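Here's a quick briefing to read with the sequence and the model open side by side. Take a look at the fold first, then come back for the details.

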Amino acid sequence: MAPMCPEEVDVFTVPHSRMKELVCKYLDLLTSTNFSNVGHVTYLLESLIKTFHEFIAHEQIENQFIMKRLKNKLRSLSIQNTAVCNCHKDNRLTDMLKFLQDGYKRTKKSDVDHINYGIQLRQALEEFTETFLPHMAEEEEVFQPLLMQHFTVDELKQLKATVIQQHFKA
Ligand code: FEO
């Protein structure tokens, strides 16, 4: 469970609520999709592609506005923190997006065994979700306290406003 963080300086919870809502939506959609129906599979993939574009935009906003500042601050204090440096180093979002886009193209060409693709898709999404939810928890439980330790309340209020504004623009 995340330590208590005053709402006014909490830069992660609002965008993460949206990301978690998207996770719940795709898990529901996955359950209700009939993989022997091309229309269902196409709809699911279109929805997932939009979702992963939103996840990628979220990660880019965090990199640009939160992680970069936090890394710079820690570096200026000669503090090593590999978790902060590596938190978005993997390619899991772009790999998932590529997998979805490939599946979508093949579905459009009727060049895909939908049932088998459905099994692979379900497995890929479950594996992704198993890392994405803890990743967000780490940001809330580890990086938020670090931000609070190294930035002023006013700086964090401004940072939160920027982060939320950027998510609305994305
Ligand atoms: Fe908030 Fe890095 O996902």
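Predicted model: local features only at pLDDT ≥ 70, side-chain atom pairs only at ≥ 80, totals over all residues.

The protein chain comes out as six helices and zero strands, so if you read along the sequence, the pattern is simply α-α-α-α-α-α. The two helices to keep an eye on below are H2 (38–76) and H5 (residues 114–150).

**Overall fold**

- The C-alpha trace of the protein chain spans about 55 × 30 × 25 Å along its principal axes.
- The protein chain has 170 residues, and 42% of them count as buried.

**How the helices pack**

- As a reminder, two packed helices are described by the angle between their axes and the distance between the axes.
- H2 and H5: their axes come within 12 Å and cross at roughly 25°. Angles under 35 degrees count as roughly parallel, and H2 and H5 are therefore roughly parallel to each other. H2 passes H5 in a left-handed crossing. Sorted by class, the contact of H2 with H5 has 19 nonpolar, four polar and three charged residues.
- H1 and H5: here the axes come within 11 Å and cross at roughly 160°. The cut-off for roughly antiparallel is over 145 degrees, which makes H1 roughly antiparallel to H5. The crossing of H1 and H5 is left-handed.
- H2 and H4: these two pack at an angle of about 155°, with their axes 9 Å apart. That angle is also over 145 degrees, so H2 and H4 are roughly antiparallel to each other. Their crossing is left-handed.

**The largest pocket**

- The largest pocket has a volume of about 250 Å³.
- Its lining is made of 13 residues, and Arg18, Met19, Glu54, His167 and Phe168 are the ones that lie nearest its centre.
- Which elements give two or more residues to this lining? They are helix H1 (13–32), helix H2 (38–76) and helix H6 (153–169).
- H2 gives the most to the lining of the largest pocket, with five residues.
- By class, the pocket lining has eight nonpolar, three polar and two charged residues.

**The cavity**

- A search of the whole structure turns up one cavity of 30 Å³ or more, and the largest cavity has a volume of about 30 Å³.
- The residues lining the largest cavity are Phe55, His58, Glu59, Glu62, His88, Arg92, Leu93, Phe132 and His135.
- At least two of the lining residues come from each of H2, helix H4 (92–108) and H5.
- H2 gives the most to the cavity lining as well, with four residues.

**Single residues to look up**

- Ser78: you'll find Ser78 in the loop between H2 and helix H3 (82–86). Its phi is near 55°, a positive value in a residue other than glycine. Is Ser78 buried or exposed? Ser78 has a relative accessible area of 67%, and the cut-off for exposed is over 50%, so Ser78 counts as exposed.
- Thr31: this residue lies in helix H1. At 65% relative accessibility, Thr31 is over the 50% cut-off and therefore counts as exposed. Thr31 and Arg122 are 91 residues apart in sequence, and their C-alpha atoms are 9.2 Å apart in space.
- Glu126: look for Glu126 in helix H5. Glu126 has a relative accessibility of 42%; buried means under 20% and exposed means over 50%, so Glu126 counts as partly exposed. From Glu126 to Phe168 there are 42 residues in sequence and 27 Å in space, C-alpha to C-alpha. Phe168 is also one of the residues nearest the centre of the largest pocket.

Note on methods:
Residues numbered from 1 in each chain as written. Heavy atoms only, no water. 1 Å grid on protein atoms, 1.4 Å probe; cavity = no way out; pocket = protein on both sides within 12 Å on 5 of 7 lines; lining within 4 Å. Points joined across faces, edges and corners; volume = space filled by probe spheres on them. Nonpolar A, V, L, I, M, F, W, Y, C, P; charged D, E, K, R; others polar. Axes fitted to C-alpha atoms, helices over the stretch in contact; angles between N-to-C directions. Parallel < 35°, antiparallel > 145°, perpendicular 65-115°, else oblique. Left-handed = near helix turned anticlockwise from the far one by under 90°. Buried < 20%, exposed > 50% of the residue type's maximum accessible area, 1.4 Å probe, protein only.
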